[in-house]
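Good morning, colleagues. Please have the structure open as I speak.

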Amino acid sequence: MEPSDRPKSPPISDGAFYFIAGFCGLAGGVVGAAFHLTVDALLRWPAWLVARFGSGPETILMAAGIAAVGLLAAFLLTRRFAPEAAGSGVQEIEGAMEGLRVVRWRRILPVKFAGGVLALSSGLVAGREGPTIHMGASIAAAAAEAFKLDRDDMRGLLAAGAAAGLAAAFNAPLAAILFIVEETRKQFRYTFRSYVGVICASAASAMGMGLVGGTAPPMRIAALEQPLWLLPAFVLLGVGLGGLGVVFNRCLVGALDWTATTFRRAPFVPALVVGAAVGALAIVMPEAVGGGELLIPHLVARDLPLATLALLAVLRFVGTMASYPVGVPGGIFSPMLALATTVGLGVAILMEGALASGGLPVPPSMAQAFAIAAMGGLFAATIRAPMVGVVLAVELTGAYALILPLLVTCVTAHVISDWLKGRPIYELLLERTLRLAGQTPPPPDPTDASSPVGTDERPHPTRTRVKRRRHRGGKG
């Protein structure tokens, strides 16, 4: 039921709203941490198979069968009970904040948790942040329904729940706050009240994770400050990532449309095929599957050759394009960050060769710097949120010395993506969702603009009527 359909209740105070947002954040952190712990525990099955049966053809076949069954179960569960729980869920939240979609939290919460565990523990090339963001928003929707909040407070609480889910995914509360400000800028009512609610939820989510055990992926990467004369190389990196981001978004939407059209009569086939493929790769080449959270520091530490990095980049790109359209819960942040890491390390190898041939010194930890900058740059190019890319990369890796190269890379990638007419991936996904549902986004309402931060006053009814009369040519 939408808030407008319920009996009107007196507006709650600011303090009560902050308390509710904080409670939603705490619950989102606990649920997110439990989700991570469950996925981590179940993801050990490929190593157990290898330890028990070796890595021969029989083991590969067993792994393919296990992953195919797990992914098929996730698909059937999602399709039967909550089809909107497939994929990331961010577009569903944005649609709900615009009043175009309904968060059916009673279905989404269990389906997103159980379906996400089945899909991600099968080795799908998908991230954990999609399920945690959608579950965080579902908890907020439940609270908004319980307290009979009005439309504006419900939107603010949905944003707070989504931020809590992202904070729980990476233990990055500051990036989660900025994600709401940058990514949902078209839907988020930016008032002091809603903004503080997002902050309360993000901070409480981090506390909730700490209570359960703090299960954020260990992605710390030691990197030293880079010399200023190397900044043009980060500009070039941003140019390449801007183009890659546009290709990534278009391929992802194209893969969704192609899969839906090709397997319309047998929609379960992609789950079986992709499940068998990722199960086999989990034994043959484990780096090519999974979300990539644990892979990123592993790639940086191994000093892999350029050919291996190129192969991994291709496999993970193809894996993401094949995994997301399967129709199960899973995000794109983590696969995108892992893909960017391979690209950044590959560019660093080329740069090292160029510097050595020119007789110039190679700065210490240059490879780590390019890997971290690429993570932020590809995020900025696909999500179109450059500041989130900077802060997320810094919070995940702890590389505070690289803020300047990150800013250069992210802003360049963002500008190039815009120049190439690229659009934010979640905007594209929301439009596709509405199109498939037979819905059309309403035209923007100029009287419903977001308020600047620091103000929380709603337009005065009399002033609004005066403005409308003047706009029609009437007297005020």
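**Cavity, pocket and patch**

Helices α4 and α8 (173–183) each supply at least two residues of the lining of the largest cavity. Please bear in mind that this is a predicted model. Of these elements, let me take α4, which gives the most to that lining, with 3 residues. The lining of the largest cavity consists of Val-90, Ile-93, Glu-94, Ile-133, Ala-162, Phe-179, Ile-180 and Thr-184. By class, these residues divide into 6 nonpolar, 1 polar and 1 charged. The space inside the largest cavity is about 40 Å³, and a search of the whole structure finds 1 cavity of 30 Å³ or more.

I turn now to the largest pocket, which holds about 900 Å³ of space. It is lined by 28 residues, of which Arg-79, Pro-83, Ala-86, Arg-432 and Leu-436 are the closest to its centre. Two or more lining residues come from each of α3 (57–81), α4 (90–97), α10 (231–262) and α18 (425–436). The lining of the largest pocket comprises 15 nonpolar, 7 polar and 6 charged residues.

Finally, the surface. Which residues make the nonpolar surface patch? They are Leu-26, Val-30, Leu-37, Met-207, Leu-211 and Val-212, and the patch covers about 520 Å². Helices α1 (14–42) and α9 (192–212) are the elements that give two or more residues to this patch. Val-30, which lies in helix α1, has a relative accessible area of 33% and is therefore partly exposed. That value also passes the cut-off for patch residues, which is over 30% relative accessible area.

How values were computed:
Residues numbered from 1 in each chain as written. Predicted model: local features only at pLDDT ≥ 70, side-chain atom pairs only at ≥ 80, totals over all residues. Heavy atoms only, no water. Patch = residues over 30% accessible without salt bridge, like charges linked within 9 Å, V, L, I, M, F, W, Y side chains within 5 Å. Areas by Shrake-Rupley, 256 points an atom, 1.4 Å probe, with all protein chains shown as cover. Salt bridge = Lys/Arg side-chain N within 4 Å of Asp/Glu carboxyl O. Helix = DSSP H or I, 4+ residues; strand = E, 2+ residues; numbered from the N terminus. Buried < 20%, exposed > 50% of the residue type's maximum accessible area, 1.4 Å probe, protein only. 1 Å grid on protein atoms, 1.4 Å probe; cavity = no way out; pocket = protein on both sides within 12 Å on 5 of 7 lines; lining within 4 Å. Points joined across faces, edges and corners; volume = space filled by probe spheres on them. Nonpolar A, V, L, I, M, F, W, Y, C, P; charged D, E, K, R; others polar.
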